[in-house]
Amino acid sequence: MDFLLNEKSLDGQFDNADDFLESLRPVIKCMEILHASSDVGIYKIQNFHERRVTKKERVCDLKVHGVSDELLRFKLSLDRETYKAPYWDAEPSHDISQEFLWNGEDITATSLAESAVTGNPLLSFKSDRFIDCMLIISSDKKEYNVNSVHTPKYLVEKYNDILKIDKKQMLLIRYAGTRVDCTTLEDNYGVSILEKNEFTELISTLDKLASHESWESIGRDDGLEYKKYSPSSSIDNWFRNARYKEKTIMKFRFSSVLRGYGYRKGDKFRILRLERDHSISDNG
């Protein structure tokens with residue numbers, strides 16, 4: 001499977017170049033994930049650099065004077081993607097003499113029509129019309145479903161069978177920017193110990209933890225059972241290691257037997273360990 005860079009998702013919608021460069025964060029991350037897979041390519045039209053970012057500026061007109069190092073990195077990553085093969089319009093798979101429609105708009109000879117015929121998903125820039133959604137494209141009384149990917153989370157949800165990202169990396173991608181911090185999850189007590197169904201239960205629970213309005217509402221959630229880990233003695237303390245002795249360890253449940261442990265730092269919950277049989281939890 002390949003991805004097609006969606007030129008229709010750049011239509012001069014940004015107020016200025018800095019806003020556009022800032023919006024590239026999820027797209028660039030998606031590109032990095034895709035390039036890490038040897039089985040996936042990113043195709044685009046040959047004149048993609050002429051797409052408009054603002055009403056006056058095209059991709060090829062972007063100025064970088066005074067931007068941060070991070071925004072400059074985004075710009076350079078986009079340049080590398082834009083100005084190199086492969087290009088799908090060198091040999092299009094769809095019949096450009098045939099009319100393809102999306103929301104009543106003729107999108108023949110665009111990546112949307114090409115995706116419809118090839119079955120390849122789109123990689124889209126920040127645009128209300130294209131963020132993590134399914135597009136319905138029609139041609140000659142036939143309908144096609146085309147997936148438009150914008151965020152790494154959606155990318156991994158839909159295509160991890162192809163990308164084969166490991167479980168720990170999946171968590172880092174899925175919960176980036178949320179209150180759930182999986183960077184501290186220890187390998188010996190991490191997701192590698194979980195069966196497939198147990199990992200699914202963990203995802204479901206972390207989604208709930210991430211989406212709660214506040215820590216107060218988390219504390220009131222009977223399903224999570226989010227509360228302080230209180231071992232009966234220092235010997236029973238699973239976290240008696242000096243690194244954690246000053247931390248208030250909290251625990252939560254993600255099934256009738258599965259437990260997770262971590263601590264709060266500001267508005268983040270740093271997950272440390274997972275437990276499969278709640279024997280540790282029974283002692284604290």
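Predicted model: local features only at pLDDT ≥ 70, side-chain atom pairs only at ≥ 80, totals over all residues.
Helix α6 provides the largest share, with 4 residues.

The volume of the second largest pocket is about 270 Å³. If you sort its lining by residue class, you get 5 nonpolar, 2 polar and 4 charged residues.

## The largest pocket

Now for the largest pocket, which has a volume of about 370 Å³. Its lining is made of 15 residues, and those closest to the centre are Val 156, Asn 160, Met 170, Phe 199 and Thr 200.

Helix α5 gives the largest share of the lining, 7 residues. By class, the lining of the largest pocket holds 6 nonpolar, 2 polar and 7 charged residues.

## Where α5 meets α6

How do their axes run? The axes of α5 and α6 come within 8 Å and cross at roughly 145°. The crossing of α5 past α6 is left-handed.

To find the contact on your screen, pick out Pro 152, Lys 153, Val 156, Glu 157 and Asn 160 on the α5 side, and Met 170, Ile 173 and Arg 174 on the α6 side. Taken by class, this contact has 4 nonpolar, 1 polar and 3 charged residues.

Is Ala 210 buried or partly exposed? Its relative accessible area is 24%, so Ala 210 counts as partly exposed.

Leaving aside neighbours within four places in sequence, Ala 210 is in contact with Tyr 175, Thr 178, Arg 179 and Val 180. Ala 210 and Pro 26 are 184 residues apart along the chain, and their C-alpha atoms are separated by 18 Å.

## A mostly covered helix

Helix α4 (residues 111-118) is mostly covered, with 6 of its 8 residues buried. The buried residues are Ser 111, Leu 112, Ala 113, Glu 114, Ser 115 and Ala 116.

What do these buried residues pack against? Their partners are the strands β1 (3-5), β3, β5 (122-123), β6 (133-139) and β7 (142-149). Just after α4 comes Gly 119, with a positive phi of about 80°.

## Backbone spots worth a look

Most residues other than glycine have a negative phi, and most peptide bonds are trans.

The peptide bond that joins Ala 85 and Pro 86 is cis, with omega about 15°. Pro 86 belongs to the loop between α3 (69-82) and β3 (101-102). Asn 103 is not a glycine, yet its phi is positive, about 50°; this residue sits in the loop between β3 and β4 (105-106). Asn 103 counts as exposed because its relative accessibility is 68%. Glu 225, in the loop between α8 (215-219) and β9 (227-228), also has a positive phi, near 50°. At 33% relative accessibility, Glu 225 counts as partly exposed.

## The whole chain

Stepping back, the protein chain has 9 helices and 12 strands. Its C-alpha atoms fill a box of roughly 75 × 50 × 35 Å along the principal axes.

How much of the chain is buried? Of the 284 residues, 47% are buried. Among contacts with a separation of 6 or more, 62% are between residues 24 or more positions apart.

Key:
Residues numbered from 1 in each chain as written. Heavy atoms only, no water. 1 Å grid on protein atoms, 1.4 Å probe; cavity = no way out; pocket = protein on both sides within 12 Å on 5 of 7 lines; lining within 4 Å. Points joined across faces, edges and corners; volume = space filled by probe spheres on them. Helix = DSSP H or I, 4+ residues; strand = E, 2+ residues; numbered from the N terminus. Nonpolar A, V, L, I, M, F, W, Y, C, P; charged D, E, K, R; others polar. Buried < 20%, exposed > 50% of the residue type's maximum accessible area, 1.4 Å probe, protein only. Axes fitted to C-alpha atoms, helices over the stretch in contact; angles between N-to-C directions. Left-handed = near helix turned anticlockwise from the far one by under 90°. Contact = heavy atoms within 4.5 Å.
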